[in-house]
Amino acid sequence: MSVAFVFPGQGAQTIGMGKALADAYPAARAVFDEVDEALGEKLSTLIWEGEQDTLTLTQNAQPALMATSVAAMRALEAEGIGIDRASFVAGHSLGEYSALCAAGALSVADTARLLRTRGQAMQEAVPVGVGAMAALLGLDFETATAIASEAAQGEVCQAANDNDPGQVVVSGHLGAVERAVEIAKEKGAKRAVMLPVSAPFHCSLMEPAARAMADALGAVDIHAPAVPVIPNVTVTACSTPDELRAHLVSQVTGSVRWRETVMYMGQQGVTEIWEIGAGKALSGMIRRIDRSIATRPVGTPDDVKAAVDG
């Protein structure tokens, strides 16, 4: 049996996530302490006791989700399951940073600061109200891409997330994304809905954020990961630090090719994927992509014990 570890992206955040792990495992609590120290604030208090609206702010959600994922990984390690149990690691958008941290390519402190910078830069790249994102359900990626092109009409509208065979997210200027929703309905989408996001992620409007991340990533050390990472933008296993750095920059404006990532893992012999961190959204996508791949959530002490017991 070949196992891969994957790490969730924005949207999985909930108040209280990771608290049980921190209470049960000193190594998990240490991750939250490291993140607090790196950011110079008690992000852990916000995660465990704060308001959902504040946690959902991009600059908070990104380091918070990473902290929860890495804490879950540390809990697994405390029970004797190391990162080398996985043949590959991958993450959905910001989850790629969690994957790199879990695999030893980035330190916890550097990852937290990078994600704080990433969240702020992505939020500031486009004024509020100028951009938007929408989910097109029941259409394949090729159809959704064609709809985005038709809707653009001189503005930006791109396929941002290829999540699974029937879920594609488009991103760009507000008017263009609204047009994409209407066109998608006309072309038989099961649903086409605007998403409650604060910025149009993973499209060319994020170019200012990509430049900010190029500067930030250039200032940190990236080591060869303990296991190969599958970047969102290439869907090919990579272990070279300079290439991983470049892929993280490209990811800001590039599509999250999640459907292809899961298909690639299956082609490489992966038979089980563990979702490390908050929520089970990726597991649902994986099942819709390839039902032959088993999934396992690892986000609570009970999940960790179940993984140990097999």
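**Reading helices and strands in a predicted model**

Trainee: Which elements cover the buried residues of α8?

Mentor: In this predicted model, the cover over the buried residues of α8 includes the strands β3 (131-137), β4 (157-164) and β5 (167-173), together with the helix α9 (174-186).

Trainee: Which residues of α8 are the buried ones, and where do they sit around the axis?

Mentor: Buried here means under 20% relative accessible area. In α8, A144, I147, A148, A151 and A152 are buried. They lie on the same side of α8, because the arc they cover around the axis is only 135 degrees. The exposed residues E142 and S149 are carried on the face of α8 turned away from that buried side.

Trainee: What span should α8 have, and what do its end C-alpha atoms show?

Mentor: Helix α8 comprises twelve residues, 141-152, and at 1.5 Å a residue should span 16 Å; the C-alpha atoms at its ends are 16 Å apart, so the two values agree. After α8 comes Q153, with a positive phi near 50 degrees.

Trainee: How many residues has α7, and what does its reach look like beside the expected value?

Mentor: Helix α7 (residues 108-124) has 17 residues; from its first C-alpha to its last it reaches 24 Å, close to the 24 Å expected at 1.5 Å a residue. Its buried residues include V108, D110, L114, R116, R118 and M122. Among the elements covering the buried residues of α7 are α2 (26-39), α5 (58-78), α10 (207-218) and α11 (241-253).

Trainee: How many bridges join β3 to β5, and how many does β3 form with β6?

Mentor: β3 and β5 run antiparallel and are joined by seven bridges, while β3 and β6 pair antiparallel over four bridges. A135 stands opposite V169 in β5 and opposite V193 in β6. A134 has M194 of β6 as its bridge partner.

Trainee: Are the faces of β3 covered or uncovered?

Mentor: In a regular strand, side chains alternate between the two faces of the sheet. Both faces of β3 are covered: one side has the buried residues G131, M133, A135 and L137, and the other has A132, A134 and L136, also buried. Seven of the seven residues of β3 are buried, so β3 is largely enclosed by the rest of the structure.

Trainee: Which elements make a β-α-β unit, and what is its handedness?

Mentor: The unit consists of β7, helix α13 (residues 281-289) and β8, and it is right-handed. Strands β7 (residues 270-276) and β8 (residues 294-298) run parallel and are joined by five bridges; I273 has T295 in β8 as its bridge partner.

Notes: Residues numbered from 1 in each chain as written. Predicted model: local features only at pLDDT ≥ 70, side-chain atom pairs only at ≥ 80, totals over all residues. Heavy atoms only, no water. Helix = DSSP H or I, 4+ residues; strand = E, 2+ residues; numbered from the N terminus. Expected span 1.5 Å × (residues − 1). Buried < 20%, exposed > 50% of the residue type's maximum accessible area, 1.4 Å probe, protein only. Arc of directions from axis to C-beta. Contact = heavy atoms within 4.5 Å. Pairing = 2+ DSSP bridges. Right-handed = clockwise from strand over helix to strand, strands pointing away.
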